[in-house]
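Biologist: I'm new to this one. Could you walk me through how to read it?

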Amino acid sequence: PKRYSITLLPGDGIGPEVISVAKNVLKLAGSLEGIDFIFQEMPMGGAALDLTGVPLPEETLSAAQKADAVLLGAIGGYKWDKNEKHLKPETGLLQLREGLKVFANLRPATVLPQLVDSSTLKKDVAEGVDLMVVRELTGGIYFGKPRGFGTNEKGEEIGFNTEVYATYEIDRIARVAFEIARKRRGQLCSVDKANVLEASMLWRKRITAIAADYPDVELSHMYVDNAAMQLVRYPKQFDTIVTNNIFGDILSDEASMITGSIGMLPSASLGESGPGLFEPIHGSAPDIAGQDKANPLATILSAAMLLKYGLGEVNAAKRIENAVLDTLNKGFRTGDIYSAGNKLVGCKEMGEAVLKSVDSPVPAA
Ligand code: NAD
Ligand code: IPM
Ligand code: MN
């Protein structure tokens, strides 16, 4: 059988709950395709802070770098919110993305027919939405220098950050986005703030330059404030969106709600080479952690993206995607996607239902 090593980073809050479910689904889908996984669980985020004093221990990063792929739950929580910056769980996550050099973050938002009633948007607005946010992940204001705290002329405390992009960073994310758009519906919308920010002016210039290599893709540009509005006005206008680190963070949370819940959205973070990082777009949800209420589907679908984008195991990925659809067809719903007439279940029961569906696939209707 084929063998892959997977580093699991459960993290904090609902992270361990959703990872334990997704691990079992991954294992079963793999075994049905003759794939063996060697799982290695490592501490990350707040859990690592409590255990080792740092949010991303060297052993965790080096295990992740040596793995074939990395599956992460979520990190963060009230307990560590007031930590100094270098001792925040979130800093560990940024170090992990940087350490794995995963500059391209794919966040697909698809409205499944089964969940149209879970969207807060009207049925005719939400129905049929199928978009992909390509978020630049290792640059921009998250990493730009100078950054820090200081004092201004009046002696007042200030905090400052820098939005900075170099040509090579824009060019490489542009190519990823054009390639994806080419395989989808051939439309790419670049979202920026080029009416105000120099970093966005360069962004627009480079995206436009790279477009010359992709004459088959229809490129458009949109300011981010308008994009935020258009996403809830008429989301079906979007196919592929490419944008910077912080706009992609915000717009993907917004896009998730069109699909019914942030608990549905998976992601894949990829670099030029080396293992990919796969994680739901949601956080550690401290408000529901430890209560078996979390929706594990975003993490299960991230495991499917791991198979597809990380390992090229398209058939195993399809097994998981089909099982999720089958589970929703049977009416299983966690609280975040519940609508009248369905079966309200917790994280574990949802996981068991998906496992059953992986085991006995239902032929597509
Ligand atoms: P969050 O995504 O954790 O939660 C926002 C809301 O969505 C909450 O009401 C939560 O209960 C709900 N929610 C999230 N995931 C869900 C799921 N799978 N099923 C059902 N409901 C779900 O965002 P937040 O509250 O702003 O942040 C909480 C912590 O998570 C913070 O420490 C933040 O820094 C961290 N965070 C981590 C990541 C990550 O690990 N990638 C992402 C975002 C936020
Ligand atoms: C995400 C999160 C992270 C981000 C935080 C926790 C650092 O919001 O994965 O979307 O801003 O990228
Ligand atoms: Mn986010």
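Biologist: In what order do the strands of the open sheet come?

Modeller: In general, strands of a sheet pair through backbone hydrogen bonds, either parallel or antiparallel. Here, in a predicted model, 10 strands line up as E2-E1-E3-E12-E11-E4-E5-E10-E8-E9, with mixed pairing. Strands (E, at least two residues) and helices (H or I, at least four) are DSSP runs, numbered from the N terminus, and two strands pair if DSSP finds at least two bridges between them.

Biologist: Which strands stand at the edges?

Modeller: E2 (35-41) and E9 (218-223) do, each with a single partner strand, so one side of each has no neighbour in the sheet.

Biologist: Which way do E5 and E10 run, parallel or antiparallel?

Modeller: Parallel: 4 bridges join E5 (residues 130-136) to E10 (residues 240-243). Met-132, for instance, has Thr-240 in E10 as its bridge partner.

Biologist: And how do I read packed helices?

Modeller: Two packed helices are described by the angle between their axes and the distance between the axes. H1 (residues 15-31) and H10 pack at about 40°, with axes 8 Å apart. That makes H1 oblique to H10, because angles under 35 degrees count as roughly parallel, over 145 as roughly antiparallel, 65 to 115 as roughly perpendicular and the rest as oblique. Axes are lines fitted to C-alpha atoms, for helices over the stretch in contact, and angles run from 0 to 180 degrees between N-to-C directions.

Biologist: Which residues is Ile-320 in contact with, leaving aside neighbours within four places in sequence?

Modeller: Val-25, Ala-29, Ile-300, Ala-303, Ala-304 and Val-358; contact means C-beta atoms, placed from the backbone, within 7 Å.

Definitions and conventions:
Residues are numbered from 1 along each chain as its sequence is written. Chains are lettered from A and ligands numbered from 1 in the order in which they are written. This is a predicted model: local features need pLDDT of at least 70, side-chain atom pairs count only at pLDDT 80 or more; totals for chains, interfaces and linings use all residues. Two residues are in contact if their C-beta atoms, placed from the backbone, lie within 7 Å.
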